[in-house]
Amino acid sequence: DFMFNKEYDVIVVGAGHAGSEAAAAAANMGCSTLLVTMNLQNIAQMSCNPAMGGIAKGQIVREIDAMGGYSGLVSDTSAIQFKMLNKSKGPAMWSPRVQSDRMRFAEDWRLRLEQTPNLDFYQEMVHGLIIENGKIKGVRTSLGIEIRAKSVVCTNGTFLNGLIHIGDKQRGGGRAGEAAATGITKDLIDAGFEAGRMKTGTPPRVDGRSLDYSKMIEQPGDEVPGKFSYSDETKPLSKQRSCYMTYTSNEVHDILRSGFDRSPMFNGRIKSLGPRYCPSIEDKINRFADKDRHQLFVEPEGWNTVEVYVNGFSTSLPEDVQFAALSSVAGFENVKFFRPGYAIEYDYFPPTQLQHTLETKLVDGLYFAGQINGTTGYEEAACQGMMAGINAALKVQEKDPFILQRNEAYIGVLIDDLITKGTEEPYRMFTSRAEYRTLLRQDNADFRLTERSYKLGLASEDRMRKMEEKKEKSLAFVSFLKDTSVVPEDANPVLADYNSSPMKQSDKIFKIFSRPNIAMDDVRKFPGVEEYIQQHHLDTEMLEQTEIQIKYSGYIQKEKNNADKLNRLEDVKIPKHFDYSKIKSMSFEAREKLNKIQPANVSQASRISGVSPNDISVLLVYMGR
């Protein structure tokens, strides 16, 4: 009896960041799961930069962790440097980021997946999908093996008909040194899906022994590093590796320009759109012609390897031009290449073809996650994978779907943006995409999501208890500061440090803490405060939580009220297959877009580009509101 004679609950195709999270989620929710990938050595490979998190992406990793996914844990165990970005701004903008050890990152992911019950592995190319009467029935491999499943999650990344460009040379591939995947696109188009092409790029990797770091600016990690995971399973770094910064120059730009006529981006060989927010160096000197230099970040690929990633120098110029230009950068005079940069074009499926669960509208039980949906970034991929894995599992278990709203998580913003607005260019998350970013902070992802995930059977009881303890203790500490007074002689010396107006009579600590420049470290100097902290064993996260709740409570409350108003429109459901063409008083564009996207409720309808507030009023009147 061959191992594939059984039917799986969930098959995940592809084991990048999306596929790995999808397989972990489905298996941890009790589904028999199969992870099929072209090369088991490359599970959770960091194909591009050796880093996790960053602006808005760090919030996503915290959310994945709060839900019981693995990306945060792996980021912590394989980190070589930790930084909290935007600390000078308000907490809505604080974004954790790590430099990762590329080899350790992939190894840790693989070992975690191997220790996950209910999860099987198989190395082979998935060559086709088995679709019968609008339902997914399984996958077909390049050896012709048919593997049956109740649901399938496609996370094919840049491999779908992937084409690699270096100068005027092209070759099929999904990543340097790996073959492209074929067959699936054709099956999906035959099933009625619309496909498109996108491109992304990557910089050269170089030999760190050939660089002169004395000509660069050192970029160390945080003095007191934090971490991603809310669990106690990981610890913050005790030692870190530095990155370095250097600059391009006019000379470098001139050398690059000399190769433009041989660049696939300028001679029309690449037709598809690349990521706007991670432009190639060619793009940068073209689009920002007034700038005579651009920053380059020189990032080590791990603790012990000499390989270095040249962040900011993504390119698909001919290799001789890349080499000549990079050799003209300060510190790179004697550079040796490990491999040149390249661009890669691949198939994607416009995500307006999906429901909020990431299940396709056309084929029952088929889910898409990651770059196949037109996103760019490990974190964006990982959170989609987790959501697709959760929803595939819930569908198999005949339970209600799991959907995060825009006011609950960046993950909710990402998925809603993709399926209501679609995307013509690789989509990347930013804090500015979230209208409720004061609510969606990296410090409270556990408050927002752990309980919901625990109810799904994904986040552990341990996680749940830890979250509740953090919540109770920080609330109790807020109350303590509201009830406890401080006398002028204890407070004024601290206030004097900031030229903050002195107190005339005693006042509650809470009130003084609310002053703009007074921080937790200052309040700890007031009598009774440090004793309280020690006695109740308050950790950094609890203290941070208390500070944010006191300093930002006004903003947070205001945003909560706005979210509640909008959520009322979420409750106005629109019937399935509703025909908008009969609402004549609505604009033609709105009718066309609404008929195409078929939103589930009025709130979603209001976010579709081309649908005006006026169209929504008409719709509400029509629906008897």
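A crossing of two helices is called left-handed if the near helix is turned anticlockwise from the far one by less than a right angle. All the views below are taken from a predicted model.

**View 1. Helices α11 and α12 form a left-handed crossing.** The axes of helix α11 (residues 445-456) and helix α12 (residues 461-483) approach within 9 Å and cross at roughly 145°. On the side of α11, the contact is made by Asp-446, Phe-447, Thr-450, Glu-451 and Tyr-454. Helix α12 contributes Glu-461, Arg-463, Met-464, Met-467, Lys-470, Lys-471 and Ser-474. Sorted by class, the residues of this contact are four nonpolar, two polar and six charged.

**View 2. Four strands form an open sheet in the order β11-β10-β19-β12.** The pairing in this sheet is antiparallel. Strands β11 (169-172) and β12 (196-202) stand at the edges with a single partner strand each, so one side of each has no neighbour in the sheet. From one strand to the next, the twist averages 25°. Strand β10 (residues 163-166) pairs with β11 over four bridges and with β19 over three bridges. Ile-164 has a bridge partner in each of these strands: Arg-171 in β11 and Ile-344 in β19. The pairing of β12 with β19 comprises seven bridges, and Arg-197 has Asp-347 of β19 as its bridge partner.

**View 3. Strand β19 (residues 342-348) is mostly covered.** Seven of its seven residues are buried. In a regular strand, the side chains alternate between the two faces of the sheet. In β19, Tyr-342, Ile-344, Tyr-346 and Tyr-348 point one way, while Ala-343, Glu-345 and Asp-347 point the other way. The residues of both groups are buried.

**View 4. Three strands form an open sheet in the order β3-β5-β4.** Here too the pairing is antiparallel. The edge strands, β3 (51-53) and β4 (79-85), each pair on one side only. Neighbouring strands are turned by 20° against each other on average, direction ignored. Strand β4 is joined to strand β5 (residues 95-100) by six bridges, and Leu-85 stands opposite Ser-95 in β5.

**View 5. The largest nonpolar core has 107 residues.** The residues with the most contacts inside this core are Ile-11, Leu-129, Val-152, Leu-366, Phe-368, Met-387 and Ile-390. Helix α9 (residues 378-396) gives the most to the core, with 11 residues. With its neighbours within four places in sequence left aside, Val-152 is in contact with Ile-11, Val-13, Leu-129, Ile-136, Gly-138, Val-139, Gly-365, Leu-366 and Tyr-367. Apart from this core lies another, of 23 residues, including Ile-509, Ile-518, Tyr-532 and Met-542.

**View 6. Helix α21 (residues 613-622) has buried residues that pack against other helices.** The buried residues are Asp-615, Ile-616, Val-618, Leu-619 and Leu-620. An α-helix has 3.6 residues a turn, so residues three or four places apart point the same way. The partners in the packing of the buried residues of α21 are α18 (553-570), α19 (588-597) and α20 (602-606). Gly-624, which follows α21, has a positive phi near 75°.

Technical notes. Residues numbered from 1 in each chain as written. Predicted model: local features only at pLDDT ≥ 70, side-chain atom pairs only at ≥ 80, totals over all residues. Heavy atoms only, no water. Buried < 20%, exposed > 50% of the residue type's maximum accessible area, 1.4 Å probe, protein only. Helix = DSSP H or I, 4+ residues; strand = E, 2+ residues; numbered from the N terminus. Contact = heavy atoms within 4.5 Å. Axes fitted to C-alpha atoms, helices over the stretch in contact; angles between N-to-C directions. Nonpolar A, V, L, I, M, F, W, Y, C, P; charged D, E, K, R; others polar. Core = buried A, V, L, I, M, F, W, Y, C linked by side-chain atoms within 4.5 Å. Pairing = 2+ DSSP bridges.
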